[in-house]
Amino acid sequence: MKKLNAVVFGTGFVGRIHIEGIRRLGNVELYAIGVGPEDDGKKLGAELCVDRVSADYATLVADPAVDAVHICTPNASHFSIAKAALEAGKHVICEKPLAISMDEARQLVDLANKSGLRNCTFHNLRFYPMIQQARRICESGELGEILIVQGTYSQDWLLYETDWNWRLISAEGGKSRTLADIGSHWCDGMEHVTGRRITSLCADIQTFHKTRKRPKHAVDTFSGKTLRPEDYDDVPIDTEDYAAVLFRIGERTRGCFTVSQVSAGRKNSYRFEIFGTKAGIAWDGEKQDELWIGHRSSPNQLLLKDPSLLKPEARSYADLPGGHSEGYDDTFKQVFRHFYRSIENPNAIPEYPQFADGLRQLTILDAEFRSHERQGWVHVE
């Protein structure tokens with residue numbers, strides 16, 4: 001089997017998990033890393049055991065030895081790197097959001113379709129084994145007609161005005177933060193699990209911290225809690241901390257969800273509940289190996305992850321036996337495995353979210369902001 005060469009652009013929180021995931025595959029080599037102009041490339045290369053390090057993404061994507069690129073940079077740079085990579089004949093995995101506008105995303109979808117190259121928008125949370133089990137339960141009809149879909153994605157890492165990250169500034173992350181960052185995961189997950197599309201919605205969006213204190217030196221994601229008052233500058237904020245969304249999904253199904261990055265105590269609480277005419281299911285991302293199954297006239301169940309007990313279509317998403325947890329970093333491995341297998345086999349049907357799915361989430365995001373501005377219901381294209 002030929003080894004494939006990958007480049008990872010961005011070495012922050014998520015970029016490092018991409019690097020770890022690539023190294024778990026066996027048939028993919030981390031060929032190079034792309035760093036920012038402010039980074040110490042030599043130091044990062046030594047730390048991550050990578051010989052090739054460059055701040056020039058154009059040079060890296062033009063290298064004929066490169067097969068695929070992973071884009072883990074701030075959102076505003078996704079479009080330019082992905083476009084250059086596709087034009088250079090490289091397969092692309094891009095962190096969400098795919099771009100910071102629908103127009104950019106449409107261009108990438110068109111370019112990917114014309115090129116025939118493999119393309120993935122990195123909605124990795126689909127790849128938890130119990131989310132796949134939930135999907136297959138919905139497909140099987142065991143819930144009956146789905147009536148209600150509801151949940152939340154709540155975090156607390158930006159609760160304080162002194163909490164800081166590049167995502168707070170629209171020039172780097174786009175006009176949306178919380179909805180684009182974690183709301184897109186929730187909506188993608190629910191459309192994936194239920195097999196239905198959100199058709200219309202009504203959103204209320206709020207920024208609680210109109211001004212935040214930016215550290216005078218760089219801090220990593222999920223850090224920066226120990227600085228002193230003199231270490232900050234006051235900066236106006238133009239991205240949201242919270243949103244609540246009512247939606248219609250399918251013809252009769254109704255739902256609602258909230259997203260927040262200021263919910264004290266919730267570290268990464270991605271939760272959903274789906275209720276049908278026969279049964280209900282619920283999943284909590286902080287207890288990812290469990291799936292609750294609810295009944296009206298018999299005892300409820302708590303299904304624990306065990307590949308031998310999962311539905312056949314969900315079983316391949318779990319590598320470890322029952323009692324052995326599979327978590328966030330394992331979803332990266334699963335996406336990469338499916339992605340690189342599809343490169344090796346040109347006839348394989350992609351079993352991962354593609355650029356079109358990234359455009360889909362930007363379409364929902366656009367509707368959420370239109371709804372908030374109009375203070376009413378809007379249709380989703």
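Biologist: What makes S4, helix H4 (residues 78-87) and S5 a right-handed β-α-β unit?

Modeller: The path from S4 over H4 to S5 is right-handed, because a crossover counts as such when, with the strands pointing away from the viewer, the path from the first strand over the helix to the second runs clockwise. Helices (H or I, at least four residues) and strands (E, at least two) are DSSP runs, numbered from the N terminus. This is a predicted model, in which local features need pLDDT of at least 70 and side-chain atom pairs count only at pLDDT 80 or more, while totals for chains, interfaces and linings use all residues. Residues are numbered from 1 along each chain as its sequence is written, and side-chain values use heavy atoms, with hydrogens and water left out.

Biologist: How do you know that S4 and strand S5 (residues 91-95) pair?

Modeller: Pairing requires at least two bridges found by DSSP between two strands. S4 and S5 are joined by four bridges and run parallel, with Ala68 standing opposite His91 in S5. Strand S1 (residues 4-9) is also a parallel partner of S4, again over four bridges; there, Val8 has His70 of S4 as its bridge partner.

Biologist: Why are both faces of strand S4 (residues 68-71) called covered?

Modeller: Ala68 and His70 on one side, and Val69 and Ile71 on the other, are all buried. Buried means under 20% relative accessible area (exposed is over 50%, partly exposed in between; 1.4 Å probe, protein chains only).

Biologist: How do you know the direction of helix H5 (residues 102-115) relative to helix H11 (residues 355-374)?

Modeller: Their axes come within 9 Å and cross at roughly 160°. Axes are lines fitted to C-alpha atoms, for helices over the stretch in contact, and angles run from 0 to 180 degrees between N-to-C directions. Angles under 35 degrees count as roughly parallel, over 145 as roughly antiparallel, 65 to 115 as roughly perpendicular and the rest as oblique. H5 is therefore roughly antiparallel to H11. Residues of H5 including Met102, Leu108 and Val109 meet residues of H11, among them Phe355, Leu359 and Leu362; contact means heavy atoms within 4.5 Å.

Biologist: What makes S16 and S17 edge strands in the other sheet?

Modeller: Nine strands form this open sheet, in the order S16-S15-S14-S13-S7-S12-S11-S8-S17, and the pairing is mixed. Strand S16 (301-304) and strand S17 (378-379) each have a single partner strand, so one side of each is left without a neighbour in the sheet. Within the sheet, strand S14 (residues 280-284) and strand S15 (residues 290-294) are antiparallel over three bridges, and Gly280 has Gly294 in S15 as its bridge partner. Helix H6 (residues 129-140) packs on the sheet, where S14, S15 and S16 are among the strands touched; the direction of H6 makes about 25° with that of S15.

Biologist: Why is Val149 called buried?

Modeller: Val149, in strand S7, has a relative accessible area of 1% and is therefore buried. Val149 touches residues including Trp186, Met190, Phe247 and Ile274.

Technical notes:
Lists of a residue's contacts leave out its neighbours within four places in sequence.
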